[in-house]
Amino acid sequence: MTRRSYRQNCALALTADLIGERWSLLLIRDLLTGPKRYGDLNRSLRGMGTNLLASRLRELEDGGIIEKQDLDGGGHAYALTGAGRALEPAILALVRWGLKYLPDKTVGYHHQDDWDLVALKAAFDPQRAKGLSVRTQFIADSLGAAWVNIRDQKIDIGFGADDRSDITINGTVEDLFVTARDPAALLAAGSRKKLQQFMSAFAL
């Protein structure tokens, strides 16, 4: 499949040539939380189709946005390059815009709980997190183990067990911030105070 080109000598048009194709931004979103195997991306991007996924991955790899990483035991995963990671502020800005301006008309839409980690990072407010240092672990069947680390008014997110966490939540980001009547009821470890401090760091 040949990628369309605006043929404009403009930084925005040239960027759109590279990442503006359908599904490309969502591929980058999925890789913001860490490297993913082809099968992981295929499951996440339901409705994309394997041929189109392979095409988009190849285009982003050719454009220097993603790269293949060999895995222990064989096979490989896709990961963002430095250039790809530099797109994160733009992706998060688009997520913030969507959270603020788009009405919630997504009943019946496919949803994955790991996407909420990216939304949480987009909603992070460094001013609210002044003086806060907290590591939070989320554990849920639909998510596995995921972590959020806030320190020095910065936030990092990722997957995997975190034995240094100050707070452990039995549930997802949505469980904690949206559906829980009493967020503290989801605490598997840690204090209510730390949980309140963590939750107050986000403009949600």
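Q: Okay, Arg192 first: which residue does it form a salt bridge with?
A: Asp182, with the closest N and O atoms 3.9 Å apart. Arg192 lies in helix α9 (residues 192–199) and Asp182 in the loop between α8 (173–179) and β7 (187–189), so the pair ties together parts that are ten residues apart in sequence. Keep in mind that this is a predicted model.

Q: Is Arg192 buried or exposed?
A: Arg192 counts as exposed, at 52% relative accessibility. Asp182 comes out at 37%, which counts as partly exposed.

Q: How many salt bridges does the structure hold?
A: Nine. Salt bridges that share partners also join Glu21, Arg56 and Glu59 into one network.

Q: Tell me about Glu59 and Arg56. How far apart are N and O in that salt bridge?
A: Their side chains meet at 3.3 Å, N to O. The two residues are three apart in helix α4, which means they are separated by about one helical turn. In general, residues three or four places apart in an α-helix point the same way, because there are 3.6 residues a turn.

Q: What does Lys121 pair with?
A: Lys121 forms a salt bridge with Glu88, the closest N and O atoms being 3.1 Å apart. That one links distant parts of the chain: Lys121 is in helix α7 and Glu88 in helix α6 (residues 88–101), 33 residues apart. Lys121 is buried, with a relative accessible area of 12%, and Glu88 is buried with a value of 12% too.

Q: Switching to the nonpolar side. Which residues touch the most other members of the largest core?
A: Val148, Ile150, Phe198 and Phe202, out of 48 residues in that core. Helix α7 (residues 115–123) gives the core its largest share, five residues.

Q: What does Ile150 touch?
A: Leaving aside residues up to four places away in sequence, its contacts include Phe124, Leu132, Val134, Ile155, Phe198 and Phe202. Ser133 is one of them as well.

Q: Now strands. How do β1 and β2 pair?
A: In the antiparallel sense, over five bridges, with β1 covering residues 66–70. Ile66 stands opposite Leu80 in β2. The hairpin has five residues between the strands, and Gly73 in it takes a positive phi near 90 degrees.

Q: Why is β2 largely enclosed by the rest of the structure?
A: Because four of the five residues in β2 (residues 76–80) are buried.

Q: What about α1, what do its buried residues pack against?
A: They pack against α2 (24–31) and α4 (50–62). The buried residues of α1 (residues 11–19) are Ala13, Asp17, Leu18 and Ile19.

Q: Zooming out, how many helices and strands does the chain have?
A: Nine helices and seven strands. Its radius of gyration is 18 Å, close to the 17 Å that the globule rule gives for 204 residues, so the chain is as compact as a globular protein of that length.

Q: What share of the chain is buried?
A: Buried residues make up 41% of the 204. The chain exposes about 12000 Å², and carbon and sulfur atoms supply 50% of that area.

Notes. Residues are numbered from 1 along each chain as its sequence is written. This is a predicted model: local features need pLDDT of at least 70, side-chain atom pairs count only at pLDDT 80 or more; totals for chains, interfaces and linings use all residues. Side-chain values use heavy atoms; hydrogens and water are left out. Buried means under 20% relative accessible area, exposed over 50%, partly exposed in between (1.4 Å probe, protein chains only). Contact means heavy atoms within 4.5 Å. Two strands pair if DSSP finds at least two bridges between them. A nonpolar core is a set of buried Ala, Val, Leu, Ile, Met, Phe, Trp, Tyr and Cys residues joined through side-chain atoms within 4.5 Å. The radius of gyration is taken over C-alpha atoms; the globule rule is 2.2 Å times the number of residues to the power 0.38. Accessible areas come from the Shrake-Rupley method with a 1.4 Å probe; for residues, only the protein chains shown count as cover. A salt bridge is a side-chain nitrogen of Lys or Arg within 4 Å of a carboxyl oxygen of Asp or Glu.
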